[in-house]
Amino acid sequence: MKAVKSTATFLRTYSSASKYTYETLAVSVPKKNVYHVELNRPAKLNTFNLPLWSELKQCFNALHKEPECRVVVLSGQGKLFTAGIDLNSLIEYFSKANDIDDPARRARFLYDWMKECQASVTSLEDCTKPVLSVVHGACIGAGINLVTAADVRYCTEDAWFQVKEVEVGLAADVGVLQRLPKVVGNTSIARELCFTARKFDAKEALQIGLVSKVLPDKESALNHALDVAADIASKSPVAVQATKQNLIYSQDKSPKEGLEHIALINMVNHMGEDLTKSAIALATKGEKPEFEDY
Ligand SMILES: CCC/C=C/C=C/C(=O)SCCNC(=O)CCNC(=O)[C@H](O)C(C)(C)COP(=O)(O)OP(=O)(O)OC[C@H]1O[C@@H](n2cnc3c(N)ncnc32)[C@H](O)[C@@H]1OP(=O)(O)O
């Protein structure tokens with residue numbers, strides 16, 4: 001089994017990651033054009049405090065614009081992927097809201113916070129680079145909202161999942177209710193998991209289609225994700241990113257609308273060099289082409 005290289009080695013090799021420095025996230029570039037974003041609050045089980053919500057959005061917005069980034073692998077440092085929202089920050093936030101006497105202003109304060117947290121999760125979809133997520137240990141509450149906004153999910157044999165919000169007394173509000181039914185393509189199981197908040201394991205996650213592969217441990221799961229990411233990164237970034245844009249767009253549109261969307265994107269992209277390069281290489285059985293950053 002290949003070992004995962006240390007972050008220091010990656011940073012030496014691909015120095016552009018040093019631009020991306022955060023309090024709650026670690027960003028490295030383990031392979032050419034592959035960025036690795038790690039939730040980095042291991043002592044607090046990578047729980048979502050205010051800086052993490054905000055930095056996730058900043059990071060994915062920045063990677064969206066980073067020409068050298070073609071694929072993102074998302075994982076968590078420490079013993080598990082994430083234990084969900086930081087309950088202390090949740091309590092602190094509600095106590096701040098309760099200090100606002102006027103109901104209209106209190107409601108606006110709560111609304112604005114929810115919208116910020118939603119935007120943080122949705123930044124994975126807004127980023128046109130494919131996001132491959134790797135869950136190990138546990139993925140609770142906000143975590144399952146997050147990974148359902150990723151393009152691909154892998155997990156380890158020891159992983160478990162929980163849409164825990166109803167146990168915390170709230171209806172999940174950062175994406176899982178909207179995305180999980182589509183991700184698993186089965187509203188009955190999605191609703192059961194959201195209503196009961198029961199834990200489910202890696203085997204069930206694979207069986208319902210939440211994850212596409214279960215790997216023995218974190219090292220093999222990360223290596224697998226990085227290999228898939230490197231394969232995607234070797235392809236035309238113009239083609240890959242248009243594919244993601246259209247898959248996301250088509251999720252809640254008719255085939256006709258989705259087809260119109262891809263026709264509009266491709267009428268521009270078909271004039272680009274990547275199509276010609278790829279077609280010539282395939283037709284002549286030539287070498288795999290290299291593509292410019294995008
Ligand atoms: C508008 C936004 C809306 C978003 C909503 C999102 C909702 C949710 O995410 S609901 C889910 C909330 N999360 C939980 O209920 C999980 C709570 N944690 C646990 O059940 C256990 O910690 C767990 C089973 C994950 C792991 O247990 P273990 O025995 O291995 O570790 P612990 O000793 O419990 O935890 C280690 C330290 O982490 C702190 N911690 C764990 N979870 C949270 C959390 N959710 N919020 C804040 N802090 C957490 C725990 O207190 C320990 O800290 P310390 O005592 O300082 O070592």
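In this predicted model, 21 residues surround the ligand, and the closest are A83, G84, I85, L87 and G141. By residue class, the shell around the ligand divides into 12 nonpolar, 4 polar and 5 charged residues. Three elements, α3, α4 and β5, each supply at least two residues of this shell. The largest share, 3 residues, comes from α4.

| Element | Residues |
|---|---|
| α3 | 87-98 |
| α4 | 103-126 |
| β5 | 138-140 |
| α9 | 218-233 |

The next topic is the core. The largest nonpolar core has 69 residues, and those that touch the most other members are Y35, V72, V73, C139, A225 and A229. Helix α9 gives the most to this core, with 7 residues.

What is V72 in contact with, leaving aside its neighbours within four places in sequence? The contacts of V72 are Y35, V37, L63, C127, K129 and V131. Of these, Y35 is also listed among the core residues that touch the most other members.

At the level of the whole chain, there is a division into domain 1, covering residues 7-233, and domain 2, covering residues 237-283. The C-alpha centres of domain 1 and domain 2 are 27 Å apart. Contact between the two domains involves 8 residues of domain 1 and 7 residues of domain 2. On the side of domain 1 that touches domain 2, the residues comprise 2 nonpolar, 1 polar and 5 charged.

Terms used. Residues numbered from 1 in each chain as written. Predicted model: local features only at pLDDT ≥ 70, side-chain atom pairs only at ≥ 80, totals over all residues. Core = buried A, V, L, I, M, F, W, Y, C linked by C-beta atoms within 7 Å. Buried ≥ 20, exposed ≤ 12 C-beta atoms within 10 Å, placed from the backbone. Helix = DSSP H or I, 4+ residues; strand = E, 2+ residues; numbered from the N terminus. Domains from an automatic or database assignment. Nonpolar A, V, L, I, M, F, W, Y, C, P; charged D, E, K, R; others polar. Near = placed C-beta within 6 Å.
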